[in-house]
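Hi everyone, thanks for coming.

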Amino acid sequence: LDLSTFFLGRPLTAPLMNASGVWCNVNSQLHALAESEAGAMVTKSCTLLRRDGNPEPRYHTLTMGSINSMGLPNEGHQYYLDYAERHDYENKPLFFSVAGLTLDDNLTIVAQIQDAYTPALLELNLSCPNVPGKAQIAYDFDALDVVLAEISSAYSRPFGVKLPPYFDIAHFDEVADILNRYEKVNFITCINSIGNGLMIDMESETVLIKPKQGFGGIGGEYVLPTALANVNAFYQRCPKKSIIGCGGVNTGEHVFMHLLAGASIVQIGTALYEQGPEIFERLKAELALIMQEKGYKTIREFQGKLKTL
Ligand SMILES: O=C(O)c1[nH]c(=O)[nH]c(=O)c1I
């Protein structure tokens with residue numbers, strides 16, 4: 001059974017990786033991912049300088065997922081550049097997530113990635129929902145266009161964007177039109193958490209997380225239908241780009257659905273946070289079993305081949 005899928009022309013040993021922000025803040029976590037069955041991995045979104053992030057509690061498990069308002073805690077971009085220098089790229093590709101607080105910060109970080117000649121692939125995070133006072137770039141279509149134009153002219157290599165979920169067909173159309181004007185945008189990662197949800201503790205009649213009066217990004221099972229829709233919407237609208245699926249994956253069936261909807265790689269967030277990097281072995285085995293039952297020898301036989309009625 002060939003579980004490998006191709007991404008930007010390179011075969012991956014498995015179509016699985018972590019979602020940025022989960023199990024990838026510090027070297028010990030990055031090392032564990034490098035040693036895991038994941039076919040690729042991504043660093044925590046970084047800012048120019050180190051950040052503590054929001055006050056705790058800032059993550060909480062929910063019955064069908066998670067709520068988080070981490071607030072972009074990270075070790076600063078140089079820390080991840082240092083990791084990228086040591087990473088074994090023959091073992092698995094590394095994605096480098098960037099979420100600068102300003103366009104200038106993004107340009108500074110991207111220039112340093114460029115100068116580092118690192119093989120890491122840039123995943124530009126345009127969808128962090130949890131920095132108070134910072135609206136998501138990807139929900140401001142003019143700002144999105146400007147950022148992509150600036151990064152495209154400052155960065156000479158292919159890169160990708162991490163998008164928030166959209167909920168309106170007109171928005172899929174408009175964002176895809178913008179993305180298709182940037183040929184350097186080689187991949188699109190859908191979705192980031194569904195921003196600014198709220199969950200309540202019945203006993204204490206209180207919110208679950210401290211930042212932003214309890215408002216935070218929703219992940220896990222709750223977001224699977226929205227994630228599949230965004231993967232398929234951009235898969236259909238951006239035929240020259242690869243789609244990385246993220247959102248609601250906890251079983252081989254969920255992985256299969258993301259691949260069928262058009263994803264080349266599937267990222268794991270909440271379930272990885274809860275279960276740790278052993279999850280990749282389980283998901284690989286579950287996907288292999290599903291493929292066997294369906295008579296598929298390779299992922300290419302069904303990838304993107306979702307049928308309509
Ligand atoms: O609060 C965070 O650090 C965070 N949390 C998310 O759910 N998505 C993001 O892109 C980020 I940068």
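So, what do I mean by a pocket? Working on a 1 Å grid over the protein atoms alone, a pocket is an open set of points with protein on both sides within 12 Å along at least five of seven lines, while a cavity is a set where a 1.4 Å probe fits but cannot get out; lining residues have an atom within 4 Å of a point. Before we go on: this is a predicted model, where local features need pLDDT of at least 70, side-chain atom pairs count only at pLDDT 80 or more, and totals for chains, interfaces and linings use all residues. Residues are numbered from 1 along each chain as its sequence is written, and side-chain values use heavy atoms, with hydrogens and water left out.

Okay, the second largest pocket. Phe-7, Leu-8, Arg-10, Leu-12, Tyr-89, Glu-90, Pro-93, Leu-94, Pro-119 and Leu-121 line it. Its volume is about 160 Å³, where volume is the space filled by probe spheres set on the points, and points are joined across faces, edges and corners. By class, that lining has eight nonpolar, no polar and two charged residues. Here Ala, Val, Leu, Ile, Met, Phe, Trp, Tyr, Cys and Pro count as nonpolar, Asp, Glu, Lys and Arg as charged, and the others, Gly among them, as polar.

Now the largest pocket, at about 860 Å³. It is lined by 50 residues, and the closest to its centre are Ser-20, Val-22, Asn-68, Gly-269 and Thr-270. The lining splits into 19 nonpolar, 25 polar and six charged residues.

The largest cavity has about 140 Å³ of space in it. Thirteen residues line that cavity, with Gly-100, Asn-125, Cys-128, Lys-134 and Ile-137 closest to its centre. Its lining comes out as eight nonpolar, four polar and one charged.

Last stop, aromatic rings. How many aromatic pairs does a search of the whole structure find? It finds 13. Rings of Phe, Tyr and Trp (its six-membered ring) pair if their centres lie within 6.5 Å; planes under 30 degrees apart count as stacked, over 60 as edge-to-face and the rest as tilted. One aromatic cluster is formed by Tyr-139, Phe-141, Tyr-166, Phe-172 and Phe-234. That's me done, thanks!
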